[in-house]
Amino acid sequence: MGVGDRELGVDVVRQRLAAARRVTVLTGAGVSAASGVPTFRGAGGLWKNRQAQQLATPQAFQQDPVLVWEWYAWRRQIIAECEPNAAHAGIARWSERPGFTLVTQNVDGLHERAGTKHVVRYHGSIWTLKCADHCGAPEWEDLSVPLAPLPPRCPRCGGLARPGVVWFGESIDPEILERSSNAAAGADVFLSIGTSSQVFPAAALLHHAHRAGAFTAEINPGATGASGAVDLAIAAPAEDALPMLDVRVRMG
Ligand code: OAD
């Protein structure tokens, strides 16, 4: 896509946004890339030669909880030093608009730090912990960096604590599933931003929106699992595209 095509794509999305009553945005790790948070797939996703898919699983935690916690402690440390970027800021402004829903796969909390309202955290938060033994203790927030000692313990039963995130092979909270799928099905415009669209069920939301009649667009510098299915793909970094849309759109 050339610069002219990109401008045209931005114009089309701008017009769709201006006319829409309900807008749903799905974000992934690419939205936080410009802030310095490593994405999962691609060069930055490796840690000690291991891929996220090998570490973010219940099996990996069962085998070696300290190793998995070291990875999360490393990510928490990086994220704590990052600031929200122009993409987070643009989405935060959109969230002021009635009928807007953000569903994020990101666990970094940068959307919230940018001031986005009513964030649907599809994969949980790296800043919350929960009891790995399901003792009944409610999830708790822990913002400490560095996180020590590892592994952290449940304050109620003393058992192992685990990150409050969704791992591969685990189910999404039914309430989150319902809110997200309602937001996808009810959207006039559905934007998929900075996600490889490879992880389900999150990646199914776009198809859901498309089937229900939404205009669908993607903002991503690379091709993704959804590129062939969207009405429009804008091949640009989110931190460049969002301010272009933001300047020209007066929503509400
Ligand atoms: P991925 O790492 O799979 O994909 C990141 C996407 O961001 C890629 O498509 C990149 O092309 C794109 N990207 C890179 N820089 C960008 C930029 N500046 N602006 C816009 N896009 C950019 O991350 P996710 O799709 O979020 O799940 O991954 C989905 C899930 O898989 C994550 O939530 C996590 C992961 O493993 C769990 O932990 C369950």
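Guide: Welcome! A word on classes before we start: Ala, Val, Leu, Ile, Met, Phe, Trp, Tyr, Cys and Pro count as nonpolar, Asp, Glu, Lys and Arg as charged, and the others, Gly among them, as polar. This is a predicted model, in which local features need pLDDT of at least 70, side-chain atom pairs count only at pLDDT 80 or more, and totals for chains, interfaces and linings use all residues. Residues are numbered from 1 along each chain as its sequence is written, while side-chain values use heavy atoms, with hydrogens and water left out.

Visitor: What makes a space a cavity, and how many of 30 Å³ or more are there?

Guide: On a 1 Å grid over the protein atoms alone, a cavity is a set of points where a 1.4 Å probe fits but cannot get out, and its lining residues have an atom within 4 Å of a point. The count by this rule is 1 cavity of 30 Å³ or more. The largest cavity holds about 70 Å³ of space, a volume being the space filled by probe spheres set on the grid points, which are joined across faces, edges and corners.

Visitor: How do you know the classes of the residues that line the largest cavity?

Guide: They divide into 6 nonpolar, 3 polar and 2 charged. The lining consists of Ala 29, Ser 32, Val 37, Pro 38, Phe 40, Arg 75, Ile 79, Gln 105, Asn 106, Val 107 and Asp 108. Arg 75 and Asp 108 are therefore the charged ones, since Arg and Asp belong to that class.

Visitor: Why is the largest pocket called a pocket, and what takes up its space?

Guide: A pocket is an open set of grid points with protein on both sides within 12 Å along at least five of seven lines. The largest pocket is the space taken by the ligand, and a molecule is said to sit in a pocket if more than half of its atoms lie within 2 Å of the grid points. Two elements give two or more residues to the shell around the ligand, helix H2 (30-33) and helix H10 (238-248); helices (at least four residues) and strands (at least two) are DSSP runs, numbered from the N terminus.

Visitor: What is the volume of the largest pocket, and which residues lie closest to its centre?

Guide: About 760 Å³ of space lies in it. It is lined by 41 residues, with Ala 29, Phe 40, Arg 41, Gln 105 and Ser 196 closest to the centre. H2, helix H3 (52-55), helix H5 (65-80) and H10 each give two or more residues to this lining, and H5 has the largest share with 3 residues. The classes here are 22 nonpolar, 15 polar and 4 charged.

Visitor: What makes a residue near the ligand, and how many surround it?

Guide: A residue is near if one of its heavy atoms lies within 4 Å. The ligand is surrounded by 20 residues, the closest being Ala 29, Arg 41, Thr 195, Ser 196 and Asn 220.

Visitor: What makes the peptide bond between Val 145 and Pro 146 stand out?

Guide: It is cis, with omega about 0°, and Pro 146 is found in the loop between strand E5 (140-141) and E6. The bond from Phe 200 to Pro 201 is cis as well, with omega near 10°.
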